[in-house]
Amino acid sequence: MLPTPSTSHASFDNIYEPAEDSYLLLDTLSSKAESTFLTQRFHPTGPSPLILEVGVGSGVVLAFAAANAKVIFGHSDVAVLGVDVNPFAAKTAVQTIAIALKDLKVKPITLGAVLADLTSSLRPGEVDVLIFNPPYVPTEPLSATSSIPSEAMLDSHATFERDSKLLELSYAGGVNGMETTNRLLEQLPDVLSERGVAYVLLCAQNKPEDVKASIRQWPGSWKAETVGSSGKTASWEKLCVLRIWRDVVP
Amino acid sequence: MKILTLNFLCCARKTCKSSPASFPLHPKEASLEQIETDINALFIKNILPRLDWEAMKTLTIELGLPALPTEPPSPEALEDPDSGEPSQTLKDLHQLLMETSIESGALRCGNCDHEYAVKEGIANFLLPSHMV
Ligand SMILES: C[S@@+](CC[C@H](N)C(=O)[O-])C[C@H]1O[C@@H](n2cnc3c(N)ncnc32)[C@H](O)[C@@H]1O
Ligand SMILES: [Zn+2]
């Protein structure tokens with residue numbers, strides 16, 4: 001088992017604390033099947049893969065991918081970038097990654113983190129691996145304005161309200177828990193490179209089978225498979241990870 | 001954020017996506033920071049094909065950094081053929097891409113003129129809802 005990055009410097013008052021979903025992503029990325037798939041896809045002598053984590057939170061997943069890049073992607077020269085709407089998360093994720101890489105002789109390229117809505121600030125066609133552990137819990141519909149923190153809210157002196165709003169952004173997924181995930185899925189064909197692969201975490205209430213079926217209908221022969229799941233308990237939050245990609249023309 | 005990060009970013013407004021002027025973003029009143037790291041020729045070699053060379057040249061000029069060569073260097077130009085020592089080109093690229101970062105300032109879109117603030121090394125691309 002590869003070590004889990006430390007997040008002991010993080011304050012979980014306003015950042016999502018690593019949980020079962022985060023760990024499922026770690027286990028999936030480092031599984032034999034996925035590291036074999038990724039290593040074959042990104043030839044060790046090819047250009048450096050760009051790894052983007054959307055909703056990077058504490059940074060635990062991206063730090064893990066960065067620190068174990070050689071094993072997972074067959075490249076120690078990956079470039080890693082994090083995105084979140086939560087400014088505390090962006091700052092903390094950068095620290096988590098730096099700490100995880102501290103003792104590595106050959107460090108991957110750290111591009112830092114930006115505050116942005118999903119992939120809106122990314123140049124089209126550049127991302128090789130996109131990781132997303134979304135806000136997936138079914139809730140009341142998200143209003144367009146409340147799914148992104150406003151300046152006024154962040155500057156607010158009502159710390160408690162600000163923090164609870166930020167935590168809400170980390171789990172509240174709107175109708176079927178899919179509102180934010182659906183917006184991200186729509187962006188994939190534009191943001192992924194030709195060799196691009198996305199890993200998206202879902203819970204049972206997101207109806208993963210329906211999500212996969214609809215991706216397979218996208219123009220351009222897209223594929224979607226479940227490549228990780230935490231099926232041990234039959235609780236309502238049973239989780240799975242989808243891999244979404246298209247075949248590379250050699 | 002590293003200068004290299006700017007190679008992968010563009011304006012966040014939907015209406016700017018199709019405009020070539022939305023990339024690269026133009027640094028404004030940028031305060032730069034240098035953090036020394038070990039040179040790795042392989043990294044530079046593997047990142048070179050990913051760079052938009054024209055954009056990188058524009059950025060170095062706008063930031064007042066040493067100018068880049070007109071054409072991207074060939075992989076052979078990165079090491080001294082006899083000694084295998086890093087060439088000056090490799091050292092310059094390493095410094096520009098891996099060691100230089102923007103601590104604060106703003107990033108301006110050449111298409112819509114919107115400015116994105118950079119604070120403590122983190123750029124803010126969140127838009128007020130009327131601008132999305
Ligand atoms: C379930 S948490 C995952 C955190 C971390 N990746 C992990 O696995 O522990 C979801 C994250 O997505 C972020 N988020 C929510 N909506 C977002 C959006 N529209 N764009 C970018 N990030 C978003 C939240 O702030 C939160 O950090
Ligand atoms: Zn613009």
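What share of the 132 residues of chain B counts as buried? The share is 48%, where buried means under 20% relative accessible area, exposed over 50% and partly exposed in between (1.4 Å probe, protein chains only). The model is predicted: local features need pLDDT of at least 70, side-chain atom pairs count only at pLDDT 80 or more, and totals for chains, interfaces and linings use all residues. Residues are numbered from 1 along each chain as its sequence is written, chains are lettered from A in the order in which they are written, and side-chain values use heavy atoms, with hydrogens and water left out.

Chain B has three helices and four strands, taken as DSSP runs (helices H or I, at least four residues; strands E, at least two) numbered from the N terminus. Their order along the sequence is β-α-α-α-β-β-β. The C-alpha trace of chain B spans about 60 × 30 × 20 Å along its principal axes.

Chain B also touches chain A. Contact (heavy atoms within 4.5 Å) links 28 residues of chain B with 34 residues of chain A. Four salt bridges are found across this interface, each a side-chain nitrogen of Lys or Arg within 4 Å of a carboxyl oxygen of Asp or Glu. One of them joins Glu120(B) to Lys91(A), with the closest N and O atoms 3.5 Å apart. On the side of chain B that touches chain A, two elements give two or more residues: α1 (41–47) and β4 (122–123). The largest share, three residues, comes from α1(B).
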